[in-house]
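Thank you for sending this over for comment.

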Amino acid sequence: MSLREGSEPTEPPPPSGPLPRPRAVFPWVDRVWRDWRADPVDRFGVVLFFVIATIVVSSLVNTGSSYGDSLLAHTMSGLALVAAARATGMRRQARRVVTVVVLLAVGALAALSLADLLFGGDGVGPVHPRQADPLWLILVVALPVIVIRRISQHTVVGGRTVLGAITAYLQIGVAFAALFQAAEVWSSVPPFGVPQESSALTYLSLTTMSTLGIGDIAPTTEVSRLLVSSEAVLGQVFLVTIVAIVVSQFAGHRQRK
């Protein structure tokens with residue numbers, strides 16, 4: 001059928017219905033993220049990712065040197081707690097409280113970091129960054145507690161239970177690193193012989209929890225000795241009891257299938 005003389009061709013009407021989703025750059029990550037948003041309960045993979053990110057960042061930067069470094073490390077830790085609140089099936093009101101507390105804490109660090117960048121000096125905030133870091137102690141200690149409480153309620157052990165146990169185990173190392181830093185700040189004498197950076201305390205916590213015992217950083221006060229020995233015992237008890245039970249039940253469950 002030919003067009004009439006002087007008439008202009010008309011464009012076809014746009015297709016009806018929702019537009020197709022753009023193709024993800026990393027399809028596996030996109031699928032995991034969409035599954036977690038749809039049903040986050042017991043999906044500890046996202047929590048484990050943020051816990052590992054916290055360990056990596058805390059091992060590479062000294063959070064007590066500036067508010068910016070503290071913001072980078074504690075943002076990862078805060079995201080891990082928010083993700084854990086959803087993965088453990090907390091009530092909506094409790095999740096909102098956790099989210100608000102994390103946002104306020106991260107927002108305060110962001111404001112102090114910006115002020116430190118613009119004005120400089122050690123007197124920007126009410127406390128020095130080294131003294132502000134122990135304020136996160138409650139948040140980092142709460143994460144392994146709620147994760148362990150959740151996986152202890154599992155009647156059938158599966159891959160999600162194993163991921164939850166690994167997440168709780170690694171977060172115990174993060175929590176004790178915060179305890180070591182709190183002891184470093186609040187003690188009148190250096191609890192580890194000489195003042196230590198936060199990255200060194202993270203290294204000490206991980207080597208202590210695994211009972212590697214390199215010995216290059218040694219506790220010199222009663223409080224620091226108590227913390228180090230407690231972490232070593234707790235780390236082994238956790239491996240012997242919770243992780244061993246979870247793995248054995250997981251293997252038995254697969255054999256019964």
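1. In this predicted model, H3 is included in what covers the buried residues of helix H4. Those buried residues are Val-98, Val-102, Val-106, Leu-109, Ser-113 and Ala-115. Helix H4 itself takes in residues 92-119, and its 28 residues reach 40 Å from the first C-alpha to the last, which is close to the 40 Å expected at 1.5 Å a residue.

2. Helix H3 (residues 67-87) also packs against H6, with an angle of about 25° and with the two axes 10 Å apart. Because an angle under 35 degrees counts as roughly parallel, H3 is roughly parallel to H6, and the crossing in which H3 passes H6 is left-handed. The contact is made on the H3 side by Ser-77, Ala-80, Leu-81, Ala-84, Ala-85 and Ala-87, which meet Leu-139, Val-140, Leu-143, Ile-146, Val-147 and Arg-150 in H6.

3. With which side chain does Arg-150 meet in a salt bridge? The partner is Asp-42, at 2.8 Å from N to O, and a search of the whole structure finds one salt bridge. The pair links distant parts of the chain, since Arg-150 belongs to helix H6 (residues 137-151) whereas Asp-42 lies in the loop between H1 and H2, 108 residues apart.

4. Most residues other than glycine have a negative phi. Is Asp-42 buried or exposed? Its relative accessibility is 12%, and because the cut-off for burial is under 20%, Asp-42 counts as buried.

5. Arg-43 is likewise found in the loop between helix H1 (27-38) and H2, but Arg-43 counts as partly exposed, at 25% relative accessibility. The C-alpha atom of Arg-43 is separated by 8.9 Å from that of Ala-84, although the two residues are 41 residues apart along the chain; Ala-84 is also one of the H3 residues that meet H6.

6. Helix H2 (residues 45-60) has 16 residues and reaches 23 Å from its first C-alpha to its last, close to the 22 Å expected at 1.5 Å a residue. The buried residues of H2 are Val-46, Val-47, Leu-48, Phe-50, Val-51, Ala-53, Thr-54, Ile-55, Val-57 and Ser-58. Two of these, Ile-55 and Ser-58, join Ser-59 in meeting Ser-198, Ser-199, Thr-202 and Leu-206 in H8. The axes of H2 and helix H8 (residues 198-209) are 6 Å apart and the packing angle is about 130°, so H2 and H8 are oblique to each other.

7. Thr-211 counts as partly exposed, with a relative accessibility of 45%.

8. As for the protein as a whole, the secondary structure comes to nine helices and zero strands. Of the 257 residues, 39% count as buried. Among contacts between residues at least 6 apart in sequence, 75% join residues at least 24 apart, and the salt bridge between Arg-150 and Asp-42 is a pair that links distant parts of the chain.

Methods:
Residues are numbered from 1 along each chain as its sequence is written. This is a predicted model: local features need pLDDT of at least 70, side-chain atom pairs count only at pLDDT 80 or more; totals for chains, interfaces and linings use all residues. Side-chain values use heavy atoms; hydrogens and water are left out. Helices (H or I, at least four residues) and strands (E, at least two) are DSSP runs, numbered from the N terminus. The expected span of a helix is 1.5 Å times one less than its number of residues. Buried means under 20% relative accessible area, exposed over 50%, partly exposed in between (1.4 Å probe, protein chains only). A salt bridge is a side-chain nitrogen of Lys or Arg within 4 Å of a carboxyl oxygen of Asp or Glu. Axes are lines fitted to C-alpha atoms, for helices over the stretch in contact, and angles run from 0 to 180 degrees between N-to-C directions. Angles under 35 degrees count as roughly parallel, over 145 as roughly antiparallel, 65 to 115 as roughly perpendicular and the rest as oblique. A crossing is left-handed if the near helix is turned anticlockwise from the far one by less than a right angle, and right-handed if clockwise. Contact means heavy atoms within 4.5 Å.
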